[in-house]
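Please look at the assembly shown here, with attention to how its parts meet.

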Protein chains: 2
Amino acid sequence: MALRRSALQSGPVKEVTGPSTSRGATRGQVDAAVRSGLLSGRFIPGKAVTIRGLAAELGVSPMPVREVLQRLAAENALEVKPNGRVQVPDMTPARFDEVLKARRLLEPELAELALPHLTSRDAKDLRSIDDDIDERLTSGDAEAYMRLNHAFHFRIYRASGSKVLLPLIDSLWLQFAPFMRTVYGRVGTASLEDRHKEAIRAIEEQNGAALRAAIEADITDGMGLLGKEILSDASGG
Amino acid sequence: MALRRSALQSGPVKEVTGPSTSRGATRGQVDAAVRSGLLSGRFIPGKAVTIRGLAAELGVSPMPVREVLQRLAAENALEVKPNGRVQVPDMTPARFDEVLKARRLLEPELAELALPHLTSRDAKDLRSIDDDIDERLTSGDAEAYMRLNHAFHFRIYRASGSKVLLPLIDSLWLQFAPFMRTVYGRVGTASLEDRHKEAIRAIEEQNGAALRAAIEADITDGMGLLGKEILSDASGG
DNA sequence: CGTGTCATTTTGTGATCACAAAATGATTTC
DNA sequence: GAAATCATTTTGTGATCACAAAATGACACG
């Protein structure tokens, strides 16, 4: 598919589909598209991301894509190689360890900060998301699982109103998500165990220590067990 | 002052001063300039940063500036307001608390990770930097102090070889540095106490627990004491 | 003198262009 | 047939342009 808008037109054309014509709308759209692609595993580590390619795919000019790629590179979600090429970073054992360590330091903390802001309404929504997750796990839809798992965690974290810790955690998820997708591609999703139900109960009971423990266990179970072996295997094939 | 390079020239001009003609050299130069400006406090919170203005100041076209500003906005070092305007974010008590919390979680951890890689040579360099810091503190040169204090901490952190925690901490420093500059502008630098000497001794002795403690105490002393009161005062004047 | 209005200027955004470096693929050479 | 070489294509980068939104300042009006 080529550019939706050919070079025949000399001037910019008004967007018809999008109601949001606010400042930086195109950039926001591109940013959301790439972020969502990374988080749901549609971008594979090592895969090259070209400016013109993405621009054509999204039907926009290279300009907003350039800025978005720079943004995501700043968050270490993408890697700008010395020759200027942009790609999804490869995971290494050392990197994996660090992400795991950072997640275990930051996410339980932010969850506890969010706790006072989490209502029974939130608990209800979380339970709904978690039910969806269970379905996707058994049906083996890894992409949907990743999207929902992200939604679950960030529904909690966002309640904190955090402007500092939340972006840091955002960056971490963007970094490990593409790799985890490849993991699920190998081992499947059926064996995945999470601690979401413990977390929901802790929220309902407004039990900070229990929420911390649930989140930390969820991280450890979700990443710690799977990732290490895969990485050591990966070096051999 | 207008653009140094007028519109009379039609094509790009070869750089004469810079020896590095590698890919993205201009962007790298702009990035380094803005980062250094933020870290040493030459940018004041609330101050607007215009693309064309910065471009003219640095003698480059708006293009690389646009990308750099997007990068730094992604690291929360700059803020893109809904109207597209870019400014140095204002510090709030909530934000300050979060930065402090994140620093105390991440920096002692990374310091300990770096410890095995820190040699006596590093300790010697750190002592030299710390001597410089002491001089600047008494002479009241806040900008130099900030630059050297950053150099001290990141000399330690960088030794870890970290690719995950280090960028997170980088982002944190970019966020609080401009604010701290305004603090030093009010209370001066003479009263500043740090734990650098304890940290150096811990490195020499390869004592992880002591290094953690020194870093955490340094953060608490440096930020915790000063910032809070200033922020509560700021609301009244 | 304060306030609302309007013309002007500034600014961000998206698009396009020109160029050089890099990747790609065909072709030649041994 | 494998490796080196060269032409071609792709790609990132910096610059410039056109446009619209926003900010600014002058000015009229009450």
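The structure is a predicted model. Chain A has 9 helices and 3 strands, and from the N terminus on these elements follow the order α-β-α-α-β-β-α-α-α-α-α-α. Of the 237 residues of chain A, 37% count as buried. Among the contacts in chain A with a separation of 6 or more, 75% are between residues 24 or more positions apart.

In soluble globular proteins, nonpolar side chains tend to be buried together. In this model the largest nonpolar core holds 117 residues, of which Leu110(A), Ile169(A), Leu110(B) and Ile169(B) touch the most other members. Helix H7 of chain B, residues 165–187, gives the most to this core, with 13 residues. When residues up to four places away in sequence are left out, Leu110(A) touches Tyr157(A), Ser160(A), Ser162(A), Leu165(A), Leu166(A) and Ile169(A).

Chain A is superposed on chain B by a rotation of 180 degrees with 0.0 Å of shift along the axis, and the RMSD is 0.0 Å. The two copies are thus related as by a two-fold rotation axis. Of the residues of chain A, Arg71(A) comes closest to the rotation axis, its C-alpha lying at 2.3 Å.

At the protein interface, 27 residues of chain A are in contact with 27 residues of chain B. Helix H3 (62–74), helix H4 (93–114) and helix H7 (165–187) of chain A each supply at least two residues of the side that touches chain B, and H4(A) gives the most, with 7 residues. Because 100% of the interface residues of chain A are also interface residues in chain B, the copies meet through the same surface.

DNA strand C is surrounded by 24 residues, and the closest are Thr26(A), Ser61(A), Met63(A), Ile51(B) and Gly84(B). Both chains take part in this surface: helix H1 (25–39) and H3 of chain A, together with helix H2 (51–58) of chain B, are the elements that give two or more residues to it.

Conventions: Residues numbered from 1 in each chain as written. Chains lettered and ligands numbered in written order. Predicted model: local features only at pLDDT ≥ 70, side-chain atom pairs only at ≥ 80, totals over all residues. Contact = placed C-beta atoms within 7 Å. Helix = DSSP H or I, 4+ residues; strand = E, 2+ residues; numbered from the N terminus. Near = placed C-beta within 6 Å. Core = buried A, V, L, I, M, F, W, Y, C linked by C-beta atoms within 7 Å. Buried ≥ 20, exposed ≤ 12 C-beta atoms within 10 Å, placed from the backbone. Least-squares fit on C-alpha atoms with pLDDT ≥ 70 in both.
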